Amino acid sequence: MVVFKKFMAFTGSIVLTLVLFGILANIFVNNWLLISIVTLVVAAVLFFFSARAGDKAHAIQTGLTKKEYKYIRINLEESRAKILRLQKITSAHRTLFTFQERDKTLLLTKRIYGIVKEEPKRFYDAEDFFFSHLDSLVELTEKYAFLDSQPVKDKKIYQTLSDTRSLLNDLGRVIEKDLFSLLNKDVSSLDFELEVAKNSISKQEKKFERRTPK
């Protein structure tokens with residue numbers, strides 16, 4: 001809807017500019033310098049206010065300023081690339097997690113990313129995931145994959161691999177908590193709506209009981 005409003009605003013500005021150009025061309029015949037200057041000035045003003053209107057509509061819909069939205073969008077793009085790296089590595093190195101844990105961890109990262117992509121304002125409720133936990137997960141996974149791919153391993157390397165697998169499983173549980181934290185507002189909101197609905201139903205039942213003859 002915001003994109004549509006921006007498109008309509010800019011389209012309207014273009015149409016008005018063309019109409020103005022036609023009017024000026026009829027009034028100031030052959031004075032193309034004056035016509036061009038006036039048209040450019042008016043066009044600049046129209047496009048400026050169109051952009052402002054589009055930004056305002058975007059802020060109303062998302063609850064974010066243009067600068068905030070751009071910042072979040074950049075972080076989401078980086079996070080998407082990290083999740084794709086994680087998916088590629090975990091598919092190639094199946095000893096990283098158990099089958100269930102591997103799929104669950106990927107699902108959790110994708111779910112958090114998907115929720116925030118749909119509602120960018122919620123990025124701030126999942127900053128630990130985007131700035132710490134996801135980075136740690138990807139970094140540890142890549143280092144594990146590097147060590148695991150070596151043709152020669154000693155006792156120390158095997159122990160490091162084992163410790164890393166354990167840490168990755170722990171990190172998966174931390175990311176699970178990130179998702180619960182992100183969903184906390186939804187749970188609270190639903191609890192409130194349920195309470196309102198229960199009270200409404202209770203009131204209707206009492207009214208019905210009073211009206212029903214005994």
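## Helices and where this model comes from

A helix here is a DSSP run of H or I with at least four residues, a strand is a run of E with at least two, and both are numbered from the N terminus. Ser79, for example, lies in helix 3.

This is a predicted model, in which local features need pLDDT of at least 70, side-chain atom pairs count only at pLDDT 80 or more, and totals for chains, interfaces and linings use all residues. Residues are numbered from 1 along each chain as its sequence is written, and side-chain values use heavy atoms, with hydrogens and water left out.

## The whole chain

Welcome to the overall fold. The protein chain has six helices and zero strands, giving the pattern α-α-α-α-α-α along the sequence. Of its 214 residues, 28% count as buried; buried means under 20% relative accessible area, exposed over 50%, and partly exposed in between, using a 1.4 Å probe and protein chains only.

A contact means heavy atoms within 4.5 Å. Among contacts between residues at least 6 apart in sequence, 71% join residues at least 24 apart.

## Helix 3 and its partner

Helix 3 has 27 residues and spans 39 Å from its first C-alpha to its last, close to the 39 Å expected at 1.5 Å a residue. That expected span is 1.5 Å times one less than the number of residues. Its buried residues include Ile72, Leu76, Ser79 and Ile83.

Helix 3 (residues 66–92) packs with helix 5 (residues 127–148) at an angle of about 30°, and their axes are 10 Å apart. The axes are lines fitted to C-alpha atoms over the stretch in contact, with angles running from 0 to 180 degrees between N-to-C directions. Among the residues making the contact are Tyr71, Ser79 and Leu86 of helix 3, and Phe130, Leu134 and Val138 of helix 5.

## Two residues to look for

Ser79 is buried, with a relative accessible area of 1%. Leaving aside neighbours within four places in sequence, Ser79 is in contact with Tyr113, Phe130 and Leu134.

Now turn to Asp125, in the loop between helix 4 (99–118) and helix 5. Asp125 is partly exposed, with a relative accessible area of 30%. Not counting residues up to four places away in sequence, Asp125 touches Ser181, Leu182 and Lys185. Asp125 and Leu179 are 54 residues apart in sequence and 9.7 Å apart in space, C-alpha to C-alpha.
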